[in-house]
Amino acid sequence: MSELLALGVSHKTAPLEMRERLALTEGRAVSALGELVDAEQVEEAAAISTCNRTELYLYSTDPVAAESRALSVLASGAGIPPTGLVPHLYSLRGAEAAGHLYRVTAGLDSMIIGEAEIQGQVKRAYELALVEGATGPILNRLFRGALAAGKRARSETGISKRALSVPHVAVELAERTLGELDERSVLVIGAGETAELTARALSDRGVDAVFIANRHYARAIGLASRFGGKAVRFDELPALLGEADIVVSSTSSPHHVIEREDLAEVMAARSDRPLLLIDLAVPRDIEPGCRSLRGVSVADMDDLQKLVERNASGRESEVRRAETILDDELGRFEEWLAAQRVTPTIAALRARGEEIARRVLAENEGRWESLSEADRERLEKMARAIASRILHEPTLRLKRAAAEGNGAASVHAARELFGLDAGTEPVEDSGAQVSDLEARRRRRR
């Protein structure tokens, strides 16, 4: 029987070095989805990739084979042997897989509890899978339900109130390291959502001169104009590194934007003036070797995670309230999913009943040649009604079993007893013919 499966790594299970190798750019995500749905055992697929997690969601006829396929897709794309990936991997099935996505979308599994960015990231991941034709009715319902649950959890509880984003934490780190920021020269590399949040956090602290560099200059102009900054072209980056006090980088580049060798030349001309580099990208924008340069401080996502953990505030009551909402929404999905699992069997059961009624009528066609057309129609309706009445109670019991969580066993029993599996024909029974009642009476005399 088909089952839901979630497979992935997160900041809770894998170091940054592992996460950046597993990160899926849009192009890699499209490729991974194609490889997954091309597998015979995978019916539907979706992929989520953020700075803190890479996860695959599958609906599969063979969860064991699908898990093996997903592991292979992740490992090969990252250039990691499957054995090296397994210790960092979590694999969830059924209700646990669904519940995990609900928690992820609501921000309860995030590095910063209640952070809002993940809601949009999950939505974009779902939309990509939808556009690629990788999803179907199960994952469509799952992701829509998770997005609705996440929105409800944020609106009905306080988990998102005063919840800092990763860029806010990055700016807080800069403030702790360098003191007041309003006189500092800050360079933001990137023009996406993370860069925008960074610019907003800097603006809130009175930083007016935010230089924003990005390969897409038009996007840089739009972002800079909103926060009183100045847009610069990407090829001006080396000169800007010589002037900046703080650099926050958050591009989607698959390669390092700042490399050690280039930065060493910049630092040689800075007269020992310190430089703080904050890397919010996964894969990382800043080559790790930059840490070894004199006067350079580098903070990446793992460093920010440590800061978040030290400053975690008591929000347990709001988390519990959010979890209650998620459980309620998850229950709705599970009820729907259970109904989907028994629906094909109920349809097959009724089709088998009508098939048997048609066969009996056909086998006894010669016994009511004298019937009028109206009587013949009544007889056919009665035969179908009898079959429907007989199957009414099994249908109700299948639905009840599904609602109570026992649908799998009941479906298996029904399909076995009524011969509903592919290629199964009803057992021939000579007693299916209608006997001549008058002839039977004469035999008894």
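Colleague: Which residues in helix 3 are buried?

Modeller: Pro63, Ala66, Ala70, Leu71, Val73, Leu74, Ala75 and Ala78 are buried in helix 3. Buried means under 20% relative accessible area, exposed means over 50%, and partly exposed is in between (1.4 Å probe, protein chains only). This is a predicted model, where local features need pLDDT of at least 70, side-chain atom pairs count only at pLDDT 80 or more, and totals for chains, interfaces and linings use all residues. Residues are numbered from 1 along each chain as its sequence is written, and side-chain values use heavy atoms, with hydrogens and water left out.

Colleague: And what span should helix 3 have at 1.5 Å a residue?

Modeller: Helix 3 (residues 63-78) has 16 residues and should span 22 Å, which agrees with the 22 Å between its end C-alpha atoms. The expected span is 1.5 Å times one less than the number of residues. Helices are DSSP runs of H or I of at least four residues, strands are E runs of at least two, and both are numbered from the N terminus.

Colleague: What comes just after helix 3?

Modeller: Gly79, with a positive phi of about 70°. Helix 6 is likewise followed by a glycine, Gly133, whose phi is positive, near 70°.

Colleague: Helix 6, then. Which of its residues are buried, and what covers them?

Modeller: The buried ones in helix 6 are Glu117, Ile118, Gln119, Val122, Ala125, Tyr126, Leu128 and Ala129. Their cover includes helix 2 (26-37), strand 2 (42-50), helix 5 (94-106), helix 7 (137-156), helix 8 (166-178) and helix 9 (193-204).

Colleague: What does Thr105 touch, leaving aside its neighbours within four places in sequence?

Modeller: Thr105 is in contact with Ile118, Gln119, Val122, Ala146, Leu147, Gly150 and Arg154, where contact means heavy atoms within 4.5 Å. Thr105 lies in helix 5 and is buried because its relative accessible area is 0%.

Colleague: How do helix 5 and helix 7 pack?

Modeller: At an angle of about 45°, with their axes 8 Å apart. That makes helix 5 oblique to helix 7. Angles under 35 degrees count as roughly parallel, over 145 as roughly antiparallel, 65 to 115 as roughly perpendicular, and the rest as oblique. Axes are lines fitted to C-alpha atoms, for helices over the stretch in contact, and the angles run from 0 to 180 degrees between N-to-C directions. On the helix 5 side, the contact is made by Ala98, Leu101, Tyr102, Thr105 and Ala106.

Colleague: What about helix 7 and helix 14, at what angle do those axes cross?

Modeller: Roughly 160°, with the axes coming within 9 Å. Helix 7 is therefore roughly antiparallel to helix 14. The residues making that contact include Leu142 and Ala153 of helix 7 and Phe333 and Trp336 of helix 14.

Colleague: And helix 5 against helix 14 (residues 316-363)? What is the crossing angle there?

Modeller: Roughly 135°, and the axes come within 10 Å. So helix 5 is oblique to helix 14. Among the contact residues are Tyr102 and Arg103 of helix 5 and Leu330 and Phe333 of helix 14.

Colleague: Which residues touch the most other members in the largest nonpolar core?

Modeller: Leu85, Leu142, Phe143 and Phe333, out of 63 residues. Helix 7 gives the largest share of this core, eight residues. A nonpolar core is a set of buried Ala, Val, Leu, Ile, Met, Phe, Trp, Tyr and Cys residues joined through side-chain atoms within 4.5 Å. A second, separate core has 37 residues, including Val171, Leu223, Leu276 and Val282.

Colleague: Who does Leu85 touch?

Modeller: Not counting residues up to four places away in sequence, Leu85 touches Val9, Met18, Leu22, Leu71, Leu74, Ala75 and Ile80. Of those, Leu71, Leu74 and Ala75 are among the buried residues of helix 3.

Colleague: Change of topic. Is the peptide bond from Val282 to Pro283 cis or trans?

Modeller: Cis, with omega near 5°. Pro283 is in the loop between strand 9 (275-279) and strand 10 (296-299).

Colleague: Where is Ala244?

Modeller: In the loop between helix 11 (237-243) and strand 8 (246-249). Ala244 counts as buried because its relative accessibility is 1%. Leaving aside neighbours within four places in sequence, Ala244 is in contact with Ser185, Leu187, Arg270, Arg273 and Leu275.

Colleague: Last one. Is Arg378 buried or exposed?

Modeller: Exposed, because its relative accessibility is 52%. Arg378 lies in helix 15 (residues 373-403).
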